[in-house]
Amino acid sequence: MERIEEEIVVSSPHGLHARPAALLVQIASKFDSKIMLEKDGEAVDGKSIIAILSLGVNKGMSLKLIVEGVDAQEAFSELKEFLGRSSE
Amino acid sequence: MNRLKGIAASGGVNIGKALLLGKEELSAPKIKISHEDISREIYRLEEALIETRKEISTLQKKILHDLGFDHAKVFEAHLLVLEDRVLIEDIIQQIKNKKVNVEYAFSQSIKKYIDTLLKLQDEYLRERVIDIEDVSRRVMRKFLKKEGTNLQELNEKVIIVAHDLAPSQTASLPKENILGFVTDVGGRTSHTTIIARSLGIPAVVGLESATRNIKTGDKLIIDGSEGVVFVNPPEKLIKEYHKKLSKITKDIKTIHISKVKAATKDKREVVVSANVELPEELSLAHEYGAEGVGLYRTEYIFLGRSDLPSEDEQYKAYSNVAKKMKPYSVIIRTIDIGGDKFLSQPQVPIEMSPFLGWRAIRFCLARPDVFKAQLRAILRASAEGNVKVMFPMISGVEELREAKKMLEECKKELKHEGVVFDEKISVGTMIEIPSAALTADALAKESDFFSIGTNDLIQYSLAVDRANEKVAYLYEPGHPAVLRLIKNVVEVAHQNNIWVGMCGEMAGEPLFAFLTLGFQLDEFSMPPPRVPRIKELIKNVNFQDAKTIAEHAIKLSTAKEVEKYLQDELKKILQDNFDKILLV
């Protein structure tokens with residue numbers, strides 16, 4: 001099983017608020033891998049919208065994206081693309 | 001009678017009975033369960049989540065049909081809450097470990113998350129809390145097998161009163177039976193406001209204590225243009241408003257919406273354009289036959305958020321307006337709010353007189369980072385349509401020069417970066433401070449156009465705070481001092497070969513539109529629903545008559561005399577059309 005982690009600067013204009021958070025959960029849920037987002041030492045489930053919202057991520061903040069599982073590679077690249085994208 | 005004052009969120013008036021949408025409790029009593037009951041409670045959880053999901057899907061379809069894709073999108077987050085693994089796991093753990101009933105476990109978990117969100121001090125997320133609360137109430141009702149107030153079956157016309165309205169609630173309201181919205185919280189860009197405007201019904205928001213002062217069944221008058229709600233008003237006032245109401249309804253039916261250019265009988269052409277704030281209003285501007293946007297307010301992009309909008313985000317908003325309005329022009333006004341409105345400005349002291357304080361161009365010149373990002377976005381959008389830029393609250397030529405200097409710097413940067421924009425973009429000065437009106441000759445030499453902001457011009461000229469009820473009677477658009485300033489601005493502009501428009505409320509008031517037509521004003525910009533009326537007025541009068549009448553009006557000594565004179569003269573000219581065109 002593969003594990004990938006990397007610090008990412010969030011570039012979506014609204015950070016990870018309702019809409020972007022919802023989209024992130026939709027993407028994350030497509031994969032079998034375990035997906036975690038870590039900010040200031042607190043790690044939450046990337047497939048839970050409530051958990052993501054409670055991180056309070058704004059644009060420009062950096063996050064650690066941790067992906068672990070059989071489809072980690074694929075999940076990681078898609079999530080990274082989404083988080084680092086310049087806009088919705 | 002109780003008179004409540006709030007924020008005028010969506011214009012129009014209505015009279016009707018109140019329907020209070022109460023805030024149901026989200027808490028539940030704690031009941032100990034036995035080990036054998038655990039699986040039953042978990043089953044109840046699953047059942048409630050599935051049923052709520054069905055309910056929301058139905059709503060989502062309905063809102064998609066009624067209001068469109070953008071509004072339906074908000075439900076995605078709702079649905080995700082229902083299948084949230086962390087939340088569900090948390091509830092199940094509580095049921096198993098603490099041996100409590102599902103209602104209690106659910107309410108505790110939700111409460112925990114809502115509290116976390118509220119602690120984030122983020123305006124945007126705060127607004128999302130109401131979505132989560134809304135989903136939670138729905139789930140809670142399923143546990144208790146209770147039906148919520150079924151608004152779909154509402155069979156009389158009502159004014160909805162609530163603490164706040166969630167998108168999912170407004171979606172389930174039968175539009176044809178809603179006379180207006182009254183809420184405790186909210187602002188000019190909140191969900192309730194946007195929905196009310198897109199439905200074309202009045203709304204007053206930010207009343208703070210509406211839900212405490214109004215009961216279901218109370219008779220209400222809602223005046224969305226003034227931002228006032230009357231609770232159980234006397235017959236006399238009801239009659240007055242009935243008159244207003246029947247006039248408005250009659251007018252809407254009789255005034256023909258004209259899509260051709262406005263011209264007087266003797267062929268003087270003028271531009272009638274729209275004041276626009278929210279993107280939703282653009283289609284209204286088209287619908288009502290506005291020839292472009294005479295005032296595009298950009299404040300909404302900056303408010304209600306914790307960070308500054310990026311240049312790209314602004315560019316998207318501005319170019320969208322420019323594209324949608326093509327080939328008509330769009331006058332983009334740079335931000336016109338106080339420095340204190342920026343959440344990223346933590347240490348701005350509270351000002352004693354904010355109207356005379358650090359706002360609009362004064363704030364922008366002090367914060368080149370904010371100002372230049374906006375100017376660059378406007379310049380980039382100028383490649384996508386007919387865009388003009390306008391600076392608010394200019395008090396003298398030095399401020400205009402400084403603002404233009406920054407614009408030039410932005411142009412240089414963009415050129416250097418190889419970005420396309422309209423190099424000859426028109427630069428306008430908003431005339432809303434008496435000192436600007438009196439030095440219009442100097443400003444005209446360095447501006448491509450003027451736009452007179454009458455609301456502030458009147459307040460500053462007459463030293464009247466319109467929001468102060470004790471002195472509001474002194475706010476008189478027809479005051480000779482105001483008229484002389486306006487006349488001077490138009491004359492000086494024309495002497496310097498620039499055109500001049502008006503984007504304050506006066507432009508949309510038939511009496512004053514007629515008067516300023518006589519002053520030779522070139523452009524009239526107003527809220528979209530006003531456009532047909534002013535176009536109709538212009539079509540029915542002669543420019544030469546307006547000129548003669550304006551020359552006489554300016555010699556009168558009081559606002560009352562001016563208004564009376566204008567009314568009498570217009571009555572003679574319009575005859576049977578007078579009542580139709582003028583809102584009395």
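Guide: Start at L220(B): its bridge partner is V231(B), which sits in strand 8 of chain B. Keep in mind that we're looking at a predicted model. In general, strands in a sheet pair through backbone hydrogen bonds, in either a parallel or an antiparallel way.

Step back and you'll find both strands in an open sheet of 8 strands in chain B, with the order 1-8-7-3-4-5-6-2 and mixed pairing. At the edges are strand 1 (2-5) and strand 2 (7-10) of chain B, each pairing on one side only. Ignoring direction, neighbouring strands in this sheet are turned by 30° against each other on average.

As for contacts in chain B with a separation of 6 or more, 69% come from residues 24 or more positions apart.

Now for the nonpolar packing. The largest nonpolar core holds 95 residues, and V293(B), V489(B) and F514(B) have the most contacts inside it. Take V293(B): beyond its neighbours within four places in sequence, its contacts include A274(B), V276(B), V321(B), M325(B) and I331(B), along with S273(B). There's also a second, separate core of 45 residues, and among its members are A28(A) and I35(A) as well as L87(B) and I132(B).

Key. Residues are numbered from 1 along each chain as its sequence is written. Chains are lettered from A and ligands numbered from 1 in the order in which they are written. This is a predicted model: local features need pLDDT of at least 70, side-chain atom pairs count only at pLDDT 80 or more; totals for chains, interfaces and linings use all residues. Two strands pair if DSSP finds at least two bridges between them. Helices (H or I, at least four residues) and strands (E, at least two) are DSSP runs, numbered from the N terminus. Axes are lines fitted to C-alpha atoms, for helices over the stretch in contact, and angles run from 0 to 180 degrees between N-to-C directions. A nonpolar core is a set of buried Ala, Val, Leu, Ile, Met, Phe, Trp, Tyr and Cys residues joined through C-beta atoms within 7 Å. A residue is buried if 20 or more other C-beta atoms lie within 10 Å of its own, exposed if 12 or fewer, and partly exposed in between; C-beta atoms are placed from the backbone. Two residues are in contact if their C-beta atoms, placed from the backbone, lie within 7 Å.
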